[in-house]
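Please read them alongside the coordinates.

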Amino acid sequence: MKHTLYQPVNARIVDIIDESPTIKSFVVVPETEFKFETGQFVELTLPGRGEAPFTPSSSPAMTEKMEISIMKAGRVTALLHECAPDTLVGIRGPYGRGYPVDDFAGKHVYIIGGGVGLAPIRSLFLTLVDRVGDFKSVVCRFGARSPQDFIYKKALFGPWRKLDGVDIELTVDQANGDWDGHVGVVTSILRPDDVDIADAVAVVCGPPIMMKFATKKLLEFGFPHDRIYLSMEKNMSCGFGKCGHCMLGKYYVCKDGPVFTYDQIETYPNIWD
Amino acid sequence: MKTVFTSDLTPVLDALAERMKLFVPRRGADHFVFKPYIPGDAGGDFNNIRTCTPAKEFLFPLRELTAVFPEPAQPPAAEPFAVFGLKDCDLRSIAVLDKVFLEDEFEDPFYAERRRHMFTVATDCCDPGESCFCNVLGGAGHPEGGFDLAVTKLKAGWVIEPGTPKGEAFLAGHGRLFAAASDAQLAERDTLRSRTREQLAAGNADIRFKADIGVIVQDRYESAVFDEQAATCVECQACTRVCPTCHCFYLHDEARTADFAKDRIWDSCMRLSYAAVAGGANPRKYLGDRLRHRMMHKFAYFLERYGVNMCVGCGRCVDAEAGGIDIRVILRRLNEEFTTPARTKVAK
C-alpha cells in the first residue's frame with residue numbers, strides 16, 4: 001500500500017545556526033533524496049512531539065542537505081529551538097506550489113520581505129541568482145525590527161549586495177549600534193521607479209501586517225493583481241488539501257499555495273488575519 | 001440482473017456475513033447505531049431513518065495510525081466488510097468523501113483501501129425524522145445510486161435491487177434465496193417511496209429557497225445571522241463529529257516504546273484554535289466566524305471546488321446540538337435576508 005503522504009523521511013539535524021535572537025537555521029540531511037521547488041514547503045516532524053510547516057531557505061539545487069530557518073513562535077518551534085545537532089527529525093513533502101520561476105524570466109523580479117519571511121525568499125533569491133541573466137533585474141527591499149533581527153546577516157550585509165543584476169536595500173524599524181542605513185518600515189523604502197512595473201513581477205513574504213501594507217503599496221504603484229506573488233501563512237497540517245486547517249476561502253493553502261497571486265484571493269475578506 | 005424478492009432477509013444477511021464482516025443497525029435509547037451482525041438475526045433493528053453515528057466511521061475512523069518511524073511499518077490491509085441499513089443520505093455523504101479522499105489529486109491510501117473493501121446495502125427510509133431535510137438538498141428518501149444493493153421493506157418481504165456488478169454477483173451467487181420481483185411488489189415499493197417523499201416535502205415545506213443555496217450563503221457572508229445563531233454554541237463540536245461529510249483531522253505525534261507514531265484524529269473547525277498559527281494569529285477568533293466558515297465550506301467553497309454540496313440534509317447535527325443550533329434555521333434566516341438583485345432594464 002502506498003502511504004507516503006503521511007510517512008516522514010528520516011533526517012538528521014547536522015548543524016544549527018543562530019540567525020537572530022528568535023530565529024535559528026537548521027541544516028538537515030535527509031536519509032533519502034528529497035527534492036523540492038523553491039517556495040514549496042515541508043512538514044518537519046520532531047518525533048513524538050509534533051510537526052509544523054516550513055519553507056526551506058536553501059536552494060533546491062543543493063540536494064544533499066536542506067536548510068530550514070525557524071522562528072520560535074509556538075509549541076513545536078520552541079521544542080525545535082531546544083534541539084542539538086544529531087537530533088532525528090522527519091520531513092514530509094514537499095507540498096504545494098512554489099514560485100513559478102520560469103514565468104519570471106525576462107522580467108524584473110521585485111522582492112519585498114520582512115522578518116522570518118526572508119527564509120523562503122532566500123531560497124528564491126539563490127535560485128534566481130543561479131540564472132540571474134534570465135531576469136531583467138532582481139530588486140530586493142528587506143526590513144527587520146532591528147539590525148540584530150535580520151537573518152542571513154553575513155550574506156545580506158556583504159556578498160549578496162555585490163552580485164551583478166542584484167539591487168538590495170535594507171531598512172529597520174528601529175536603529176541601534178552602528179546602523180547607518182534606512183530606518184522605517186519596509187513600505188517606506190518602496191518607490192514606484194524601483195522596477196519598470198510594466199515588465200515586472202513582485203514577490204512579498206513576511207508578517208501578515210507587512211504583507212498587507214506592501215501589497216497595498218504595490219497596488220498603488222499600479223502592479224497588476226496577477227503579478228503580485230504572496231506567500232500565505234496558514235496552519236498547514238496534512239499538506240495535501242484534506243485536513244482543512246489552512247483553508248482560505250475555497251483554497252487549501254497547503255495545496256493550492258502557499259504562493260498565491262493577489263487576484264486569486266483578493267475577494268476573500270480578512271485574508272491577512 | 002433484475003430486482004429480486006425474498007420473503008426472509010435472514011438467509012441473505014447470513015450469506016453476506018459468511019463472506020465478510022457485516023454491520024447492521026441496532027436501536028439505542030432514541031436512535032440507531034451500527035453494530036456487528038449476529039448470524040440469524042435478520043436486519044438487526046430495522047432503521048426507519050439513518051443511524052445517529054455517521055457512515056464515515058467505516059471509511060475514516062475517529063483515530064487511525066498513519067505512519068510509524070524511524071522504521072516505517074506496513075499498515076494492516078483492510079478486510080472486506082458490508083454495512084446494511086445505509087440510507088440515501090449516507091450514500092451521498094460517501095460520495096462527498098470520495099471526492100476528497102479518492103477522486104482528488106492526492107488519493108488517501110487508508111480511505112481508498114477501506115472504500116475498495118466496502119459492500120453497501122442501502123435501505124429505503126420510512127417515516128422520516130423531525131430533523132430530516134434531505135429533500136431540500138437533493139435527497140429522495142430512498143437510494144438512487146452509490147449502492148451495491150438497495151433493499152426495500154414491503155408489508156410482507158423484501159425487494160432487493162443490485163446497483164453494481166458486485167451487487168449483481170452476490171444476488172446471482174445466491175439465486176436460490178430469491179425470486180424475481182413481481183410488478184405488484186415493485187408497485188408497492190413505488191407507493192412506499194412516494195409516501196416518504198411526500199412526508200419529507202410536508203416536513204420541510206417551510207424551506208423555499210429564492211436562489212441556489214450556494215448563491216444565498218455566499219451572498220450573505222456579512223450577515224449578522226452567524227453571530228446571532230452562534231450565540232448559544234458551547235463549542236461541543238458535536239455538529240462536526242456526527243456530520244457524515246465533515247472530514248477535518250489533525251495529525252498527532254506520539255512516542256511509543258521503541259518508535260514514533262503519527263495518528264490521524266478527527267478535528268473540528270468549530271474549535272477555537274483550529275486555524276490558529278504558531279505566532280498566535282487566528283483568522284476565526286469568534287464562534288460566529290467559525291460557524292460562518294462551516295456554512296461557507298459546506299455550501300459555497302466545497303461546491304465551487306468539487307461541484308456538490310457538502311451537506312446531505314441528514315439532520316444529525318440538529319439532533320446532536322448541545323447549543324440548540326439548527327442548520328435549517330440558519331439557512332432559512334439567510335434565505336429571508338437574501339434579495340435578488342433588481343433586474344436592470346435592457347435597452348431596446
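Which residue in S8(A) is the bridge partner of A:Gly114?

1. The partner is A:Gly143. The model is a predicted one, and this pair belongs to a set of 7 bridges joining strand S7 (residues 108-114) of chain A to S8(A). The two strands run parallel.

2. S7(A), helix H3 (residues 118-130) of chain A and S8(A) together form a β-α-β unit, and its hand is right.

3. S8(A) also pairs with strand S9 (residues 166-172) of chain A, again in the parallel sense and over 7 bridges. Here A:Ala144 has A:Val172 in S9(A) as its bridge partner.

4. Strand S8 covers residues 137-144 of chain A, and 7 of its 8 residues are buried, so the strand is largely enclosed by the rest of the structure. The cut-off behind this is 20 or more other C-beta atoms within 10 Å.

5. Between the chains, 38 residues of chain A are in contact with 38 residues of chain B. On the chain A side, strand S4 (50-54) and strand S6 (88-95) each supply at least two residues. S4(A) gives the most, with 3 residues. By class, the residues on this side of chain A divide into 14 nonpolar, 16 polar and 8 charged.

6. Two cis peptide bonds deserve a check in the coordinates. One runs from A:Gly93 to A:Pro94, with omega near 0 degrees, and A:Pro94 is placed in strand S6 of chain A. Another runs from A:Gly257 to A:Pro258, with omega near 10 degrees; A:Pro258 lies in the loop between helix H6 (253-256) and strand S15 (259-261) of chain A.

7. A:Asn270 has phi near 55 degrees and sits in the segment after helix H7 (262-265) of chain A. A:Asn270 counts as exposed because it has 9 C-beta neighbours inside 10 Å. For B:Glu235, phi is near 60 degrees, and its place is the loop between helix H7 (225-230) and helix H8 (238-242) of chain B. With 14 C-beta neighbours inside 10 Å, B:Glu235 counts as partly exposed.

8. Chain B contains 11 helices and 11 strands. The C-alpha atoms of chain B fill a box of roughly 70 × 65 × 50 Å along the principal axes. Of the residues of chain B, 42% count as buried. Among its contacts between residues at least 6 apart in sequence, 73% join residues at least 24 apart.

Technical notes: Residues are numbered from 1 along each chain as its sequence is written. Chains are lettered from A and ligands numbered from 1 in the order in which they are written. This is a predicted model: local features need pLDDT of at least 70, side-chain atom pairs count only at pLDDT 80 or more; totals for chains, interfaces and linings use all residues. A residue is buried if 20 or more other C-beta atoms lie within 10 Å of its own, exposed if 12 or fewer, and partly exposed in between; C-beta atoms are placed from the backbone. Helices (H or I, at least four residues) and strands (E, at least two) are DSSP runs, numbered from the N terminus. Two strands pair if DSSP finds at least two bridges between them. A crossover is right-handed if, with the strands pointing away from the viewer, the path from the first strand over the helix to the second runs clockwise. Two residues are in contact if their C-beta atoms, placed from the backbone, lie within 7 Å. Ala, Val, Leu, Ile, Met, Phe, Trp, Tyr, Cys and Pro count as nonpolar, Asp, Glu, Lys and Arg as charged, and the others, Gly among them, as polar.
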